[in-house]
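Take a look at the sequence and the model below.

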Amino acid sequence: MAATARPEALPGDDAPATLAALPGGDPAGQRGRSTSRVLVLNASYEPINVCTVRRATILVLKQRAEILEHGEYALHSESMTIPQPVVIRLVTYVKVPRDAHRRRITRRAVFARDGWSCQYCGSRKGTLTVDHVIPRSKGGTSTWENIVTCCVACNRRKGDRLPRQANMRLRRPPRPPSPTIFIHVAAPVIPRAWQQYLEHVA
Ligand SMILES: [Zn+2]
């Protein structure tokens, strides 16, 4: 699981200059990674995590997980060969806090929730930043309801103002993300083999 980031742990959110240097703004650059990721289901078949092939392989070899979907390649350990895991299911049910996803406000999670597009102009090009709708200088909080994906141009234009002061409008009101947001954070492009396991989740 990704480390839990407290909302306060978002330094310099409204400063495009700082954010431009951060990785993760370009969804196209992430596409190659999705194929080497493994979707982890709870024993109940509920998606709970995304991990590396290596981690998934260890879980399978330790018989803590079973492979539900596998890739074309086989993986060889010292003593055995297993198919490349694509979706695994934990053998034992793991209790996951119901609102765990709500606490994890990170830039990538905000981008994923917003479909990697600026919530003011809709642009998906260039560097993405995060914007406090109500600037922190005006009492705005670092919550899902007050943080949106914003392109550099819109972030500059809005500056330290409220949207209406800058004559800008949000495309939709920001809300907490769905419980499966972490999957979209880890893999902006969802592998086909994962889809049937995500469909029943709201
Ligand atoms: Zn924009």
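## The sheet and its core

In this predicted model, four strands form an open sheet in the order E2-E1-E4-E3, and the pairing is mixed. Strand E2 (47-52) and strand E3 (65-76) stand at the edges. Each has a single partner strand, so one side of each is left without a neighbour in the sheet. From one strand to the next, the twist averages 35°.

How do strands hold together? Strands of a sheet pair through backbone hydrogen bonds, either parallel or antiparallel. Strand E1 pairs in both ways here, as the table shows.

| Pair | Sense | Bridges | Example of facing residues |
|---|---|---|---|
| E1 and E4 | parallel | three | Leu-39 and Val-87 |
| E1 and E2 | antiparallel | five | Val-38 and Cys-51 |

Strand E1 covers residues 37-41, and strand E4 covers residues 81-90. E1 and E2 also form a hairpin, with five residues between the strands. In this hairpin, Tyr-45 takes a positive phi near 75°.

Now look at E1 on its own. Is it enclosed or open? Five of its five residues are buried, so E1 is largely enclosed by the rest of the structure.

Helix H3 (residues 53-61) lies across E1, E2, E3 and E4. H3 runs at about 90° to E4.

Next comes the core. Which residues have the most contacts inside the largest nonpolar core? They are Val-38, Leu-39, Val-40, Val-50, Val-87, Ile-88 and Cys-150. This core has 36 residues. Several elements give two or more residues to it: E1, E2, H3, E4, helix H5 (107-113), strand E5 (128-132), strand E6 (147-151) and helix H7 (181-186). The largest share, five residues, comes from H7.

Val-50 gives a close-up of this packing. Set aside its neighbours within four places in sequence. Val-50 is then in contact with Arg-37, Val-38, Leu-39 and Val-40, among others. Its contacts also include Phe-182, Ile-183, Ala-186 and Ala-187.

Then find H7, the source of the largest share of the core.

Conventions:
Residues are numbered from 1 along each chain as its sequence is written. This is a predicted model: local features need pLDDT of at least 70, side-chain atom pairs count only at pLDDT 80 or more; totals for chains, interfaces and linings use all residues. Two strands pair if DSSP finds at least two bridges between them. Axes are lines fitted to C-alpha atoms, for helices over the stretch in contact, and angles run from 0 to 180 degrees between N-to-C directions. Two residues are in contact if their C-beta atoms, placed from the backbone, lie within 7 Å. A nonpolar core is a set of buried Ala, Val, Leu, Ile, Met, Phe, Trp, Tyr and Cys residues joined through C-beta atoms within 7 Å. A residue is buried if 20 or more other C-beta atoms lie within 10 Å of its own, exposed if 12 or fewer, and partly exposed in between; C-beta atoms are placed from the backbone.
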